[in-house]
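Biologist: Hi! Could you walk me through this one while I have it open?
Modeller: Happy to, let's take a look together.

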Amino acid sequence: MRKPDFERNTLRVLQKGKPERPALFELFLNPTYYARLAGRESIPGDSFDYLKLVVEAMAAAGYDYASTHASSFGFDAKPRAHLNTVSLNDGAVITDWESFEKYTWHDPESYDVSNIEKIAPFLPEGMKLMIMGPCGVLENLIALIGYENLCVMLYDEPGLVKEVVDHIGNALVRYYDMVAGMDTVGFLCSNDDWGFNTQTFLSPEDMRKYIFPWHKRIVEVAHKHGKPCILHSCGYFDEVIEDIIEDMKFDGRHSYEDNICPVEQAYDRLAGRIAVMGGIDMDFITRGEPDQIYARSKAMLERSKDRGCYLLGSGNSVPEYVPFENYMAMVRAATEE
């Protein structure tokens, strides 16, 4: 097992530089894989014990950090149906001013963040944490209002949309600010899916008006504490990439799909301006053969060897349906001697 070294590897990439050796990135794995990587027979239910499991697993796999949430804080929407396809209106709880006034907004500062400090003795030397959010500004907006409802509300009640967005954004800024300065934290992740395969969920103009200002403030929170901040966002990004880099000033971007923009093309276009993270396509890593996945992963590491600015990983995250041997083929490309 190689030793974690966040500062010489992951951090250098997020600073648009070259790591000392190939470095890995994953938004998160699944509990079964965490247990398998850590050599555990069961998955703990306690939140602190689960964080220790994640740390053990990601260290064993060769990551320089472990990903976690700051607390159990979140926004209450109705549970969505567990079906193959689900309406993006499913679960909506805010439909008008009356339901907005009745909605209970939780205070992120009332949630326990002590695990982020308590984990310090269990972090291997050189390892840090990446703090994710309870989804992001737009995802929570859609969860609370519904997607089609939101599109109509933007025309009928734009003032209500802004009120909901501002409540979400303000809470997320406070959520991140509580932990960004802790010594165990290496960087923040603003995780917020923004689009379909061919366009953003909202027009770029509406994204700039309602969504981006809050992401900019989240990045400012990270930078205030001397930490990088990355964006995880699925979907089409061509029309907003300049906003991501020049306005919001994210240090890295994650989530690439072959049917939108293969990571190889994204890297050639973006390297030197923002860290490119992951991108081994989810369909490819699920359906491909281990030797194919290894070869593509090795090729990406070779592509980025001289320029840096790249962390190897999947296009999104690693659910249980990804064959373990396929996942390990990607990891081996970065960690083999």
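Biologist: Let's start in the sheet. Which residue in β5 does I230 stand opposite?
Modeller: I230 stands opposite G252 in β5. Keep in mind that this is a predicted model.

Biologist: And what does L231 stand opposite in β5?
Modeller: That would be R253. Strands β4 and β5 (residues 252-254) run parallel and are joined by 3 bridges.

Biologist: How does the chain get from β4 to β5?
Modeller: The chain passes through helix α10 (residues 241-247), and this β-α-β crossover is right-handed.

Biologist: How many bridges hold β3 and β4 together?
Modeller: There are 4 bridges, and the two strands pair in the parallel sense. One detail to look for is N191, whose bridge partner in β4 is H232.

Biologist: Are the residues of β4 buried or exposed?
Modeller: Buried, on both faces of the strand, which spans residues 229-232. C229 and L231 are on one side, while I230 and H232 are on the other.

Biologist: Zooming out, what is the strand order of the sheet?
Modeller: The sheet is open, with 7 strands in the order β1-β2-β3-β4-β5-β6-β7 and parallel pairing.

Biologist: Which strands stand at the edges?
Modeller: Those are β1 (65-69) and β7 (310-311). Each has a single partner strand, so one side of each is left without a neighbour in the sheet.

Biologist: Switching to S190, where is that?
Modeller: S190 is in strand β3, which covers residues 185-191.

Biologist: Why does S190 count as buried?
Modeller: Because its relative accessibility is 1%, and the cut-off for buried is under 20%.

Biologist: What does the S190 side chain make a polar contact with?
Modeller: With the side chain of H215, at 2.9 Å. Leaving aside residues up to four places away in sequence, S190 also touches others, including Y176, I218 and F250. From β4, C229, I230, L231 and H232 are among the residues that S190 touches.

Conventions: Residues are numbered from 1 along each chain as its sequence is written. This is a predicted model: local features need pLDDT of at least 70, side-chain atom pairs count only at pLDDT 80 or more; totals for chains, interfaces and linings use all residues. Side-chain values use heavy atoms; hydrogens and water are left out. Buried means under 20% relative accessible area, exposed over 50%, partly exposed in between (1.4 Å probe, protein chains only). A polar contact is a pair of N or O atoms within 3.5 Å; within protein, one must be able to donate a hydrogen and the other to accept it, and residues adjacent in sequence count only if both atoms are side-chain atoms. Contact means heavy atoms within 4.5 Å. Two strands pair if DSSP finds at least two bridges between them. A crossover is right-handed if, with the strands pointing away from the viewer, the path from the first strand over the helix to the second runs clockwise.
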